[in-house]
Amino acid sequence: MRLRHKPNAIPHMQESPYIIFNPEKYKGSWNDLFKNNNEIELEIGAGKGDFIVNKAMKETDKNFLALEMNTNAFVSACKKIEENELRNVYGIVGKAEDLIEMFGENEVSKIYLNFSTPWPKKRHNKRRLSHENFLKLYQVICKTGAEIELKTDNEVFFDASLDYMKDFGMEIIEVNRNLSEENSIVTEYERKFRNRNMPIFHLIGKFK
């Protein structure tokens with residue numbers, strides 16, 4: 001789905017205290033930004049922010065960070081954080097490839113991958129956010145025993161992600177090939193799939 005270009009997206013976010021354009025500044029000290037020592041959970045590819053905003057509202061005893069490179073989508077997340085006056089969530093404009101520049105070792109307690117681009121062509125598989133190339137990055141910034149929680153509508157991508165995690169030596173905590181609506185934070189994007197009666201695939205892997 002192509003998003004309409006929003007010329008005011010970047011200026012709006014640059015003026016917001018909730019959006020970070022220079023995440024390397026906080027490497028190793030994200031808890032200082034939150035002004036507490038609560039666990040930090042990270043969503044990679046946060047889109048319009050529906051998931052992370054809902055998580056932050058429900059779990060006020062945790063800190064949340066949302067990473068997104070598409071500013072046209074992310075400005076919506078910025079507005080939702082502002083409207084709800086949340087103090088336990090910040091957005092980061094950036095790419096997953098640069099996570100090592102953004103985070104120190106053992107800073108993140110959990111990673112969420114929600115409806116990531118499946119990159120179906122074989123030559124593009126290494127771009128998948130669940131691929132070994134990214135698992136190596138996640139392992140560096142995550143605490144021992146941290147989990148990766150993944151949701152997708154694409155079964156091929158789901159099966160590949162499951163294999164990536166197993167081959168990486170992760171413990172598979174949960175595999176669900178038809179996640180119920182009651183057990184999911186249903187975003188606008190996910191709602192479109194559910195309205196078409198498409199199954200939502202869900203898995204949780206844990207770093208040993």
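Predicted model: local features only at pLDDT ≥ 70, side-chain atom pairs only at ≥ 80, totals over all residues.

Residues are numbered from 1 along each chain as its sequence is written, and side-chain values use heavy atoms, with hydrogens and water left out.

Begin with phenylalanine 158 and phenylalanine 201, an aromatic pair that is tilted, with 5.4 Å from centre to centre and 35° between the planes. (Rings of Phe, Tyr and Trp, the last by its six-membered ring, pair if their centres lie within 6.5 Å; planes under 30 degrees apart are stacked, over 60 edge-to-face, and the rest tilted.) Phenylalanine 158 belongs to helix H7 (residues 155-167) and phenylalanine 201 to strand E8 (residues 201-206), so the pair ties together parts 43 residues apart in sequence; helices (H or I, at least four residues) and strands (E, at least two) are DSSP runs, numbered from the N terminus.

Next, select Tyr18, Phe34 and Tyr90, which form one aromatic cluster.

Now turn to glutamate 190 and lysine 151, a salt bridge whose closest N and O atoms are 2.7 Å apart. (A salt bridge is a side-chain nitrogen of Lys or Arg within 4 Å of a carboxyl oxygen of Asp or Glu.) Glutamate 190 lies in helix H8 (residues 188-195) and lysine 151 in strand E6 (residues 142-152), 39 residues apart.

Finally, select glutamate 181 and arginine 191, which also form a salt bridge, their closest N and O atoms being 2.7 Å apart.
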